[in-house]
Amino acid sequence: MTQQEVTHGVQHDVRVLLPTQLRTLAGVPREVSVSVVGDVTQRSVLDALEASLPSLGGTIRDRATARRRPFIRYFACGEDLSQESPDALLPDAVVSGREPFIVLGAIAGG
Amino acid sequence: MSAVRLLVGTRKGAFVLTSDASRRSWSVEGPHFVGWEVYHLKGSPADPDRIYASQSSSWSGQVVQRSNDGGKSWETVGNDFTYQGHPGTHQWYDGSPHPWEFARVWHFEPSLDDPDTVYAGVEDAALFRSTDAGKSWQELAGLRENETGTSWQPGAGGMAVHTIIQDPSDQQRMFVAISAAGVFRTDDGGETWNRKNKGLHSEFMPDPDAEVGHCVHRIAQHPARPSTLFMQKHWDVMRSDDAGDSWTEVSGDLPTDFGFPIAINANDPNTVYVVPITSDSVHYPPQGRLRVYRSRSGGGEWEPLTEGLPQTHCYTNVLRDAMDVDHLDPCGVYFGTTGGQVYGSSDDGDHWTAIVEHLPAVLSVEVQDLA
């Protein structure tokens, strides 16, 4: 049974870790929780995050294209999910709240 | 007037410097927006407590901040700068077509009479306007859709609308300057725009009469003489006396006519300031001596102003938005450097002092005259 079949219509409280700049910008601690109804994907998590914290709109995903900004990376459960489809289902551990979905600023510069 | 406030944008945050009218002792407050680039902050002429700030980073893109209390507190407002329609392409550095992509806001220009109306000059070059205090932004697409738009190309720092001037004598008239396209003027409130680059010559372009492609670094206008504009171009200091219809060179006896900012004394439309920089590839003052040059004749003849400025081993730059004047008499002149110094003069530029010396690289300096 796929996650999609399991989660359809169900609300999930997903933990999200934010990089320092975005925590400061939004005035929130390192970890926040967002409620996602239905499939838990990068897109649905980030949509919920931006809905609850509007100041983060455009800071993780480009406003015009909705694509991940070049220096932003996504991790969860020790895996780099940055290149995954935004509509791919996130790991069960993220869906259940055991593990956070991590938004990270890529290392750039010396 | 009882106080002067400087809004200073830097590579790593914003600072607010305040003095009474004597301009001898300054308080330094900040940093705001720690760790972010602040290309520009500017206060509303109609309400000095209303300030708009452009906060951006390569990681997290563009954020717009607004203060309603003179910079004490800030709130994020709208950052959706979506080009109207299908923006198509402009020229890339190599001459190939490149999609129009929003990168950041370089400059905010609040309306002369409405604190809730503000213009934003952005990279890739376009002009936006908000009429709800920054909550939402609409492109004035007539500029980008100018017949020459597809041929615009970036300068070394990007392709941006960096100067916006609202004509105080004609509400329908505005000027913008774009690197590297040139000057454009609207006479219908921003609907349509005409290029205003006749007389500009750029040695990197094969056509000596090219009407776009010029790397205009900054233009300035004195409100008492709105038909006269001064320009610091990539090379050349220029002047127009017909609202940009034609330009003549007034570099005169400057040691080099490369530079970025240009400003006009608030009390005399013939007194102009530039900061000559060695060359396009050597972005520091000639001989490592930081000199502001002043013309009291509207260009042509220039005098170096050195009192209080470093005259040895100074290898900083002064960027295009990093110089401004107050409206006291004598006029205060202020500029910030890429070395993190903000210098001020309270006597038309005769004497200078370092107001603050160790900020991050200064990107912009704007002056507010406070009642």
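Predicted model: local features only at pLDDT ≥ 70, side-chain atom pairs only at ≥ 80, totals over all residues.
Where is the place of Asp124(B)?

Analyst: Asp124(B) sits in the loop between strand 11 and strand 12 (126–130) of chain B. Residues are numbered from 1 along each chain as its sequence is written, while chains are lettered from A and ligands numbered from 1 in the order in which they are written. Here, pLDDT is the predictor's confidence in each residue, from 0 to 100. Chain B averages 96 on that scale, and 100% of its residues score at least 70. For the complex, the predictor gives an ipTM of 0.86 and a pTM of 0.95.

The bond joining Glu123(B) and Asp124(B) is a cis peptide bond, with omega about -10°. That's worth a second glance, since most peptide bonds are trans. Strand 11 covers residues 118–123 of chain B, and Tyr119(B) lies in it. (Strands, E, of at least two residues and helices, H or I, of at least four are DSSP runs, numbered from the N terminus.)

Tyr119(B) counts as buried because it has 23 C-beta neighbours inside 10 Å. The cut-offs are these: buried means 20 or more other C-beta atoms within 10 Å of a residue's own, exposed means 12 or fewer, partly exposed is in between, and the C-beta atoms are placed from the backbone. Leaving aside neighbours within four places in sequence, Tyr119(B) is in contact with Glu109(B), Leu127(B), Arg129(B) and Ile164(B). Contact here means that the C-beta atoms of two residues, placed from the backbone, lie within 7 Å. Tyr119(B) and Gln166(B) are 47 residues apart in sequence, and their C-alpha atoms are 9.8 Å apart in space.

There's another cis peptide bond to find in chain B: it joins Ser179(B) and Ala180(B), with omega about 0°. Ala180(B) also has its place in a loop, the one between strand 15 and strand 16 (182–186) of chain B.

Most residues other than glycine have a negative phi. Asp236(B) has a positive one, near 90°, and its loop runs between strand 19 (229–233) and strand 20 (237–240) of chain B. Asp236(B) is classed as buried because 23 C-beta neighbours lie inside 10 Å. Arg23(B) has a positive phi too, near 60°. Arg23(B) is buried as well, because 20 other C-beta atoms lie within 10 Å.

Strand 2 (residues 13–20) pairs with strand 1 (residues 3–10) in the antiparallel sense over eight bridges; two strands pair if DSSP finds at least two bridges between them. Across it, Leu6(B) has Leu17(B) as its bridge partner. On the next step over, strand 2 and strand 3 (residues 27–32) of chain B are antiparallel with four bridges, and Val16(B) stands opposite Glu29(B).

Now for the bigger picture. The largest nonpolar core has 124 residues, and among those touching the most other members are Val8(B), Val122(B) and Val45(A). Such a core is a set of buried Ala, Val, Leu, Ile, Met, Phe, Trp, Tyr and Cys residues joined through C-beta atoms within 7 Å. Strand 15 (residues 174–179) of chain B gives the most to this core, with five residues. Setting aside neighbours within four places in sequence, Val8(B) is in contact with residues including Leu17(B), Val342(B) and Leu359(B).

Val45(A) belongs to helix 3 (residues 42–52) of chain A, where Gln42(A), Ser44(A), Val45(A), Leu46(A) and Leu49(A) are buried. Finally, where the chains touch, 14 residues come from chain B and 15 residues from chain A. Strand 6 (residues 61–67) of chain B gives the most to chain B's side, with three residues.
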